[in-house]
Amino acid sequence: MTKFLSKRLVNMVITLFVASIIIFTLTEIMPGDVAQMILGQYATEESLEALRAQLGLDQSPLVRYRDWIWGVLHGDLGTSLSMKGVSVASLLLRRGRNSLFLAVAATIFLVPLSLFLGVIAGLKEGSWWDHIISTSSLIALSLPSFISGTFLMMIFAIWLKVVPAMSSIEPGANLFSVFPKLILPIVTVSLVLLGYVARMVRASVIDASHSDYARTAVLKGLPQLKVVWHILRNALMPTVTVIAMNLGWLIGGLVIVETLFAYPGLGRLVYVAIQRQDIPLIQASVLLTSAVYLLLNLASDVIYTFLDPRIRY
Amino acid sequence: MENLLRRARNTVQVVKRLSHSRLGLIGMSIISLWVIVALLGPIIAPYSPTAYHPQDRFEAPSLKHPFGTDRYGRDTFSRVIIGSRSVLLLASSATLIALILGSSIGLITGFLGGIVDEVVMRFMDILMSFPALLFAMLILGIFGPSTFGVITVIGLVYAPRIARVARSAVLEVKEKEFIEAAKVRGESNLYIMFVELLPNIWGPLGVEASVRFGYAIFLSASLGFLGLGVQPPTPDWGLLMKEAQSYMSWAPWMSIFPALAIASLVVAVNFLADAIRKYEAGEL
């Protein structure tokens with residue numbers, strides 16, 4: 001187990017290293033002069049030169065990459081170009097907290113609900129319940145978040161007026177006290193995964209109930225509840241991996257949902273950084289999201305090995 | 001000729017089978033409807049999608065403008081009709097690129113194996129370790145948004161995923177006797193890969209391509225919504241949603257109709273993809 005874990009960890013570090021090179025190279029070929037962007041188009045040539053020297057832009061790309069990575073490893077991510085003088089690290093921390101809250105709330109909402117729906121559909125295979133749940137979860141997973149979010153906003157915020165439409169909040173606000181503003185984004189970001197997980201659960205429940213051990217359990221006259229318990233215990237195992245593996249999807253979903261609802265999270269920060277060509281912010285935020293994504297994938301593998309005693313490394 | 005006829009008959013058979021599933025039938029009908037709308041385009045659109053009519057700004061849906069008008073008085077109905085061209089073109093070219101790239105990579109790595117396989121698939125894993133939307137945003141943000149950019153980026157993002165499917169299918173077929181026979185006959189590697197292996201992995205590739213087509217619509221619409229896709233004044237569905245966002249509460253028709261258009265198309269593609277998956281698994 002430790003061997004497996006350390007191998008996976010080394011793999012992850014290598015992947016992250018290559019990712020950092022890709023991110024750096026991409027931002028390197030970004031057109032536009034950073035010094036010009038900061039000082040505006042009327043800056044003199046001397047002041048531009050001075051700023052370039054101050055930012056280290058006159059160094060070779062290799063030296064700058066080394067300096068950047070050195071900074072990242074020491075928690076120094078530089079300062080944002082578009083938000084003057086704000087340190088990228090503090091920005092990521094603040095926005096990351098908001099996104100984390102959204103992601104955790106969405107997970108708490110979607111996991112039990114999708115398990116419940118999937119189990120019902122799977123146990124009642126072919127029934128009306130199954131048809132309704134399967135079809136609506138297929139619809140839920142197909143809809144892009146900005147579409148389902150727009151529909152939800154129209155119905156619940158603009159028409160019924162039961163929740164606020166926009167989710168802009170003060171920096172550092174207590175997220176629990178503004179919770180009504182977060183309801184629509186939480187539901188919206190959950191929908192795709194809700195549909196996906198529910199269908200996965202359904203499929204594995206059906207697989208398990210067609211298995212030999214399920215048939216044996218029925219034939220030897222076990223009470224129905226016990227048979228169902230047998231089936232569920234085996235069916236839910238692959239589901240945990242499916243959930244962990246796809247939580248990474250939430251990261252992409254958050255970009256759209258946070259933009260739609262004007263919620264100040266990490267996803268919208270990445271979007272704004274790309275729009276404003278704020279290089280230090282782009283580098284740090286994209287690297288951070290890739291790291292989170294990789295960690296989630298690692299976590300899903302580890303959970304899987306813990307759950308399935310047949311897999312031993 | 002004989003061959004072509006047999007192919008055509010086969011296709012008809014598959015389509016018939018797919019339409020036995022209710023969802024497959026609904027999916028195919030909606031997709032065909034949108035394809036017809038896209039082909040006819042300007043013939044059925046009552047107005048030019050880009051013409052300004054300042055006197056008709058923000059008009060609610062009426063007989064004259066079934067889907068209302070936007071802040072420049074442009075007819076939303078016409079914009080949705082012409083917009084179907086952009087989304088179908090974008091998604092199908094992107095899927096085609098991903099399919100060609102991905103299946104070539106999968107064929108080569110799966111067939112050759114060894115160090116090539118190890119290195120290339122490792123690199124594919126790294127590419128897949130970025131969330132798809134984030135990767136696309138980064139590339140388009142750097143090189144500037146454009147139609148060509150969106151197609152290329154979506155093709156690149158999904159190629160590794162198709163490569164993986166192709167590779168594992170190849171690994172299975174590779175062990176079959178007819179491949180052994182081809183090797184003994186002294187056929188070249190290229191011949192074996194594209195003439196012997198490729199026709200035998202169409203099944204899994206087709207399923208994957210249909211799923212990817214759905215994702216390509218999903219992704220290109222999302223990029224359009226973020227303003228990183230097709231640029232104005234081209235009427236792209238995602239872009240229409242972005243432009244309508246500020247007027248959601250008092251000109252809701254500007255959002256509702258493009259949203260319904262996107263929703264109907266993605267849902268239809270996923271219905272069809274699900275039917276194709278079931279067909280391949282022998283459940284239909």
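Modeller: Pro233(B) sits in the loop between helix H9 (202-225) and helix H10 (237-244) of chain B, where helices are DSSP runs of H or I with at least four residues, strands are runs of E with at least two, and both are numbered from the N terminus. A cis peptide bond joins Pro232(B) and Pro233(B), with omega about 5°. This is a predicted model, in which local features need pLDDT of at least 70 and side-chain atom pairs count only at pLDDT 80 or more, while totals for chains, interfaces and linings use all residues. Residues are numbered from 1 along each chain as its sequence is written, and chains are lettered from A and ligands numbered from 1 in the order in which they are written.

Colleague: OK, what about chain A, how many helices and strands are there?

Modeller: Chain A has 12 helices and zero strands, and its C-alpha trace spans about 90 × 55 × 30 Å along the principal axes. Of its 313 residues, 35% count as buried, a residue being buried if 20 or more other C-beta atoms, placed from the backbone, lie within 10 Å of its own, exposed if 12 or fewer, and partly exposed in between.

Colleague: And how many residues does each chain bring to the contact?

Modeller: Chain A gives 34 residues and chain B gives 32 residues, where two residues are in contact if their C-beta atoms, placed from the backbone, lie within 7 Å. On the side of chain A that touches chain B, the largest share, seven residues, comes from H7(A). The residues of that side divide into 24 nonpolar, 10 polar and no charged, with Ala, Val, Leu, Ile, Met, Phe, Trp, Tyr, Cys and Pro counted as nonpolar, Asp, Glu, Lys and Arg as charged, and the others, Gly among them, as polar.

Colleague: Which residues of chain A does Leu134(B) contact?

Modeller: Leaving aside neighbours within four places in sequence, Leu134(B) is in contact with residues including Ile251(A), Val255(A) and Val286(A).

Colleague: Back to loops: where is Lys161(A), and is Lys161(A) buried or exposed?

Modeller: Lys161(A) lies in the loop between H7 and helix H8 (179-209) of chain A, and Lys161(A) counts as exposed because it has 9 C-beta neighbours inside 10 Å. Although Lys161(A) is not a glycine, it has a positive phi of about 55°.

Colleague: What about Ala262(A), where is that one?

Modeller: Ala262(A) is in the loop between H10 and H11 of chain A, and with 14 C-beta neighbours inside 10 Å it counts as partly exposed.
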